[in-house]
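Subject: Structure handover

Hello,

Here is the structure for you to look through. Please open it first, then read my notes alongside it.

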Amino acid sequence: MGGHLKQSNLITAQERLRDQVAHALRAALISGELQPGLVYSAPALAADFGISATPVREAMLDLAREGLVEPVRNKGFRVTEVSGRDLDQYTELRALIEVPTVGAVTRTAAREQLEALRPVAEEIVASARDHDLIGYLDADRRFHLSLLGLHGNERLVETVGDLRKRSRLYGLTALDERGKLVASAEEHLELLDLMLAGDAAGAEACMARHLGHVRSLWAADEH
């Protein structure tokens, strides 16, 4: 009996390490530490982390499924390059899904469900003010996906989650350096207030504008 428990604990620890490595790798992608087009080997990254190559390789495979990296035979993983056209297409898809969904949620969600998102919206603003990009991304993801979750369509939430990962909130570092991240963060509070006021059309317009701002901020960082 005890053997089974030990084994399950071990698996949990391995999975946790894999998730932690995947999180650290995403952070390095966002900050630009891992550069698009370059190939990184799992053993070399593992040496940086001070761990074995296996959880790094597993984490890289998770990132490959999300389209963030691609395997290069016998060499490692190349960081996927995201073109302006890719970003346009991701943004268009997000707008097609998120704009009408925000309108629908405004009409159906209970006040307390929307108010429960306010601390997350405030966390986005606080992270932007603190220049905490990983905290910003995490809170931004939770806010958007929780808001969409109020619509009750799990596949819709999964799809937007995948689109967000693929676009990687490109250019976030440059945006922060130019002092424009706080304004983008505050749009989440504006959106919430419009929804709480029952203004579905206003909320849809705000979401469309927010996604447009995110895309134009990316554009400013394209070379």
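Let me begin with a loop. N74 sits between β2 (69-72) and β3 (76-79). Remember as you look that this is a predicted model. N74 has a positive phi of about 60°, yet it is not a glycine. Is N74 buried or exposed? Its relative accessibility is 77%, so N74 counts as exposed.

Look for H131 in the loop between α6 and α7. H131 is not a glycine, but its phi is positive, at about 60°. Exposed means over 50% relative accessible area. H131 has 52%, so it is exposed.

Two other loop residues are buried. Start with V82, in the loop between β3 and α4. The cut-off for buried is under 20% relative accessible area. V82 has 12% relative accessibility, so it counts as buried. Now find G37. V82 and G37 lie 45 residues apart in sequence. In space, their C-alpha atoms are 9.7 Å apart.

E66 is the other one. It belongs to the loop between α3 (53-65) and β2. Its relative accessibility is 10%, so E66 counts as buried too. Which residues does E66 touch, not counting residues up to four places away in sequence? They are R26, D162, K165 and R166.

Next, the cores.

The largest nonpolar core has 31 residues. Six of them touch the most other members: L114, F143, L147, L172, L191 and M195.

Take M195 as a way in. Leave aside its neighbours within four places in sequence. M195 is then in contact with V102, V105, T106, L114, L147 and A203. There is also a second, separate core, of 18 residues. Its members include L63, L68, F77 and V79.

Now for the helix pairs.

First, α4 and α7. Their axes come within 9 Å and cross at roughly 60°. The two helices are therefore oblique to each other. The crossing of α4 past α7 is left-handed. From α4, the contact uses R94, E98, T101, V102 and V105. From α7, it uses H144, L147 and L148. By class, the contact of α4 with α7 has four nonpolar residues, two polar and two charged.

Second, α4 and α8 (residues 154-167). Here the axes come within 10 Å. They cross at roughly 150°. Are α4 and α8 roughly parallel or roughly antiparallel? Angles over 145 degrees count as roughly antiparallel, and α4 and α8 are therefore roughly antiparallel to each other. This crossing, of α4 past α8, is left-handed. On the α4 side, the contact is made by L87, Y90, L93, R94, I97, E98 and T101. On the α8 side, it is made by L156, T159, V160, L163, R164, R166 and S167. The residues of the α4 and α8 contact divide into seven nonpolar, three polar and four charged.

Third, α7 and α10. Their axes come within 12 Å and cross at roughly 20°. Angles under 35 degrees count as roughly parallel. So α7 and α10 are roughly parallel to each other. Their crossing is left-handed. In the contact, α7 brings L133, Y136, D140, F143, H144 and L147. From α10 come L181, S184, A185, H188, L191, L192 and M195. How many residues of each class does the contact of α7 with α10 have? There are nine nonpolar, three polar and one charged.

L147 is among the core residues that touch the most other members. L147 is in contact with M195. It also takes part in the contact of α7 with α4, and in that of α7 with α10.

Best wishes

Terms used. Residues numbered from 1 in each chain as written. Predicted model: local features only at pLDDT ≥ 70, side-chain atom pairs only at ≥ 80, totals over all residues. Heavy atoms only, no water. Core = buried A, V, L, I, M, F, W, Y, C linked by side-chain atoms within 4.5 Å. Buried < 20%, exposed > 50% of the residue type's maximum accessible area, 1.4 Å probe, protein only. Contact = heavy atoms within 4.5 Å. Helix = DSSP H or I, 4+ residues; strand = E, 2+ residues; numbered from the N terminus. Axes fitted to C-alpha atoms, helices over the stretch in contact; angles between N-to-C directions. Parallel < 35°, antiparallel > 145°, perpendicular 65-115°, else oblique. Left-handed = near helix turned anticlockwise from the far one by under 90°. Nonpolar A, V, L, I, M, F, W, Y, C, P; charged D, E, K, R; others polar.
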